[in-house]
Amino acid sequence: MDNTLISQELEAPFPLLSFPPELLEYISVHLEDPDLINIRRVCRALNGHTVNIFGKRFFRHLAVFLHPTSLTTLLKICHHPAFAKYVHRVTVCGEQFKQHKDLQLSVEQSRMDRTILTEVFQVLKNLQTVAAFAVPQEDLSPNRAITCALKQLFGDDDIPFHSHTRGYDRVYELVMQTLEEANIHDKMDLLFDFWGTDTPAGMKKPFFDIASPAWNQHFANQVRAISLTDNANPDWIKRLLTSTPNVLELAFYGNGFSLDLPSPSVGLRNKAKLRHLDIYNVFFPHDDWVAFLRLHADTLETLYLKRVGFITGNWRESLEVIGTMPQIQDASFSSLYDDKASIVHPWTHIHCGSLHGRQLNLSSNKDIKLALSATRGEWSSTTTVCRSNYDVVKKDGFIINSSIFGQGIRFKPDVTHDCIEAAEKATQPYDYMIVCSKAIPDTIPKLIAPAVTPGHTAIVLIQNGVGIEDEYAQAFPNNPIISTVVYLPTTQRPAGVIKHGEVEKLQVGPYPSSASATHAKAFTALVTSAGGTAEFHSDVQTKRWFKLFVNASWNPICALTLSKDAEVLTASEEAAAVLLDVMLEIRDVAAAHGHEFTREEVVMQLGRAQDRVPKNAGIEPSMLQDVQQGRRIEVEAIVGNPMRMGKAKGVKCVRLEMLYVLAKALDLHIGRT
């Protein structure tokens, strides 16, 4: 093809109308609003191809003022042959405007508004939601809804918010009357936005008769969203919330008033349905608020709290409830007040009633749980005994890079050299002594003793192996022992910088299993409320043996070979079979001590490492990390104890015995050097 033909082809009009109609519609979906409007002006064909997208984008939500121009515009749209079917929501705004006051009064006196709205509700076949607003809201801005006759009424000016009569409450009864006259009162989802208004005598009046049969029989069950602003009558609000059991969205924008929530088993306290909660400048009775949060904990998705507090009580229970909400995805907290009239959360460094605290915005369930975990630290303290990493952690705290909780998390506890120093600094007994050091026999009980209060401090063993609890029970006969199994792959390199892998779980139980479960259950709840994953088990020893399939096989083998688990598996064809035989030997020892496991469960544990091979994501077991850092290894707790427990029951442990002999020699070598 010569250059002339190429030039002619490039200059030819783009054949847009030759595209299939469905492709043209797909293109129009991605056009910005001005472009979509302009392309409809090109020709009738493109106007027709884009009518569906145009209707969905601009006519799903119509807003109307009680003004003749706005009302007649709404009526025209509702009779439009192409666009009426796209209308799913109508918002009626009741505010009067100074420049249109006379016309708006004439509409009311002639009942023109009632007549038009009734007809509108009758002809809109796809209408799903009707909203009654006292004043214009952001929800009525042009990018959220088509406001009928907006240009004619206000030109290029913004809508004059709150220009004349805040809380012009005739709109609520008008909407309900017209819905009933249109005979669709029990089919519509209802949204109400109430603005408080005072009578000349300064009394906060109700918005409509909430005791009326029409409200209770037809409308109360249809309400899906309620917004309350300013000087609303508290008694009327309580009755409103009592009568509306199906609300999904609730907002309070107060002026510092105290609001009693409905009693349990009625209205919003009867069913757990609430999804969105937004509260500003309101005080609640503490116990009512906590009970309200608990009821809706399983369904809340967004939560915004600013200048919210209690006359008496603090935020601890509330934040614990929020931290357990499974659906919460978006939250914002600012200026939360307790009974001391102080802002209680740690990201706001302003106290004693200041209302200019910084705001924390969170947009994922994980971030919310993490932040609330930090918040709950306001009522608790953590003291950490550090050794080789003391100087770094004392100065900067820990930096945690987690594949689950996020990167660059900073945690700065109180840091001491030893438990003697920790005991000297403590102003009250420690509730928990959490032991997460290596399980080296005959060492830890002596080291922790100064900080353990007899009969009070619960000793939590977050350590690997089996048979490790006896020495603690003997050293502290009057203290509860909590035994745990932890799945938390971490490394600390350099000092104070922790890398956390893909698993986070703590299995918790009392020791012995016949002991009281009270402290173990309380510790489980504490971890869970802080955003961690913790499970209570009445006999956690079974879980210890299950993890030992991994610990007693991978730990010594990786330490002896200086290899990650995936590297061991890929080193030879025989590796997987050898590891499985070691695990099956551990299974036989466990069975001899009353803990039965199937072969499939053992294979599953091996499969966890095999799954990491294609990803080249091998992990470094704790023994390997210890050897690399020149530290003694947990050979007795992880290998020696199960080997001896097997021999005591007559179980052959030839593989375990070989691993023990080799690992013990390595441990002693490290000790000498």
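Helix α21 (residues 541-561) packs against helix α27 (residues 654-672) at an angle of about 45 degrees, and their axes lie 10 Å apart. The model described here is predicted.

**Helices α21 and α27**

- An angle between 35 and 65 degrees is neither roughly parallel nor roughly perpendicular, and α21 and α27 are therefore oblique to each other.
- The crossing in which α21 passes α27 is left-handed.
- From α21, the residues Ala-552, Pro-556, Ile-557, Ala-559 and Leu-560 meet Leu-656, Leu-659, Leu-662, Ala-663 and Leu-666 of α27.
- Sorted by class, this contact of α21 with α27 has 10 nonpolar residues, with no polar and no charged ones.

**Strand β18**

- Strand β18 (residues 481-487) is largely enclosed by the rest of the structure, because seven of its seven residues are buried.
- Both faces of β18 are covered: one side carries the buried residues Ile-481, Ser-483, Val-485 and Tyr-487, and the other carries Ile-482, Thr-484 and Val-486, which are also buried.
- Strand β17 (residues 458-462) runs parallel to β18 and is joined to β18 by four bridges.
- Within this pairing, Ile-462 stands opposite Thr-484 of β18.

**Residue Asp-230**

- Asp-230 is located in the loop between β6 (223-229) and α12 (234-243).
- Asp-230 counts as buried because its relative accessibility is 16%, and the cut-off for buried is under 20%.
- Asp-230 and Gly-256 are 26 residues apart along the chain, and their C-alpha atoms are separated by 9.1 Å.

Notes: Residues numbered from 1 in each chain as written. Predicted model: local features only at pLDDT ≥ 70, side-chain atom pairs only at ≥ 80, totals over all residues. Heavy atoms only, no water. Axes fitted to C-alpha atoms, helices over the stretch in contact; angles between N-to-C directions. Helix = DSSP H or I, 4+ residues; strand = E, 2+ residues; numbered from the N terminus. Parallel < 35°, antiparallel > 145°, perpendicular 65-115°, else oblique. Left-handed = near helix turned anticlockwise from the far one by under 90°. Contact = heavy atoms within 4.5 Å. Nonpolar A, V, L, I, M, F, W, Y, C, P; charged D, E, K, R; others polar. Buried < 20%, exposed > 50% of the residue type's maximum accessible area, 1.4 Å probe, protein only. Pairing = 2+ DSSP bridges.
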